[in-house]
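Me: Please help me to read the structure shown below. I would like to go through it one question at a time.

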Amino acid sequence: MTHISVTVDGTAYEDEVEPRLLLVHYLRDRLGLTGTPVGCDTSNCGACTVELDGASVKSCTVLAVQADGGEVTTVQGLARGGAWTPLQRAFHERHALQCGYCTPGMIMAARDLLRENPRPTSDEVRKALEGNLCRCTGYQNIVRAVLAAAEEGEGAEESAAPGRRTASGQEVTA
């Protein structure tokens, strides 16, 4: 067993884990965070995408021990005080899901895109999400949702450097 310390969705955890335990199984089975689905277990579908230290990763390709000392954000950790992010709202309002299985990974990958590029084009959204598969939607509404969230300012605040302003004009000081 290997000792790890990891922060998940703002909560610090100390655990003993098998060195071969995948992060997706740690999140689901140990912490009960079932919003991160196990999709293909081969990194092809992207359903298990989470953020590790601010970058999106497919949690079926990361060992829990690799997250030691890190910060993980799952789709369950996005809403604050019960309020959805603009991206979550856009997925809901634009019907960017059908069965919903791919949705957590799509949202997490889209967050990564919007943090890096707060005003992407349709082609840039498609390129950024090409590692995430959806069998139901045909992607049109997913792309529309990401573009709508960009219009609402999702990612703009997180991408701004300290002392700068976001796309909406708010000063960022942190």
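Me: Which side chain meets that of Glu154 in a salt bridge?

Reply: This is a predicted model, in which local features need pLDDT of at least 70 and side-chain atom pairs count only at pLDDT 80 or more, while totals for chains, interfaces and linings use all residues. Residues are numbered from 1 along each chain as its sequence is written, and side-chain values use heavy atoms, with hydrogens and water left out. A salt bridge is a side-chain nitrogen of Lys or Arg within 4 Å of a carboxyl oxygen of Asp or Glu. At 3.8 Å from N to O, the partner of Glu154 is Arg111.

Me: How many residues apart in sequence are the parts that this pair ties together?

Reply: Helices (H or I, at least four residues) and strands (E, at least two) are DSSP runs, numbered from the N terminus. Glu154 lies in the loop between H5 and helix H6 (156-159), whereas Arg111 lies in helix H3, so the parts tied together are separated in sequence by 43 residues.

Me: Is Glu154 buried or exposed?

Reply: Buried means under 20% relative accessible area, exposed over 50%, and partly exposed in between (1.4 Å probe, protein chains only). The relative accessible area of Glu154 is 6%, so Glu154 is buried.

Me: Which residues do salt bridges that share partners join into one network with Arg111 and Glu154?

Reply: Asp112 forms a salt bridge with Arg115, their closest N and O atoms being 3.2 Å apart. These two residues are 3 apart in helix H3, which means a separation of about one helical turn. Through shared partners, the residues joined with Arg111 and Glu154 are Glu51, Asp112 and Arg115.

Me: What is the distance between the closest N and O atoms of Asp15 and Arg30?

Reply: Asp15 belongs to strand E2 (residues 11-17) and Arg30 to helix H1 (residues 23-30), so the pair links distant parts of the chain, 15 residues apart. Asp15 is buried, at 17% relative accessible area, whereas Arg30 is partly exposed, at 39%. The closest N and O atoms of this salt bridge are separated by 3.4 Å.

Me: Which helices do the buried residues of H2 pack against?

Reply: Helix H2 covers residues 86-93, and its buried residues are Pro86, Leu87, Gln88, Ala90 and Phe91. Packing is judged by contact, meaning heavy atoms within 4.5 Å. The partners of these buried residues are helix H3 (103-116) and helix H5 (140-152).
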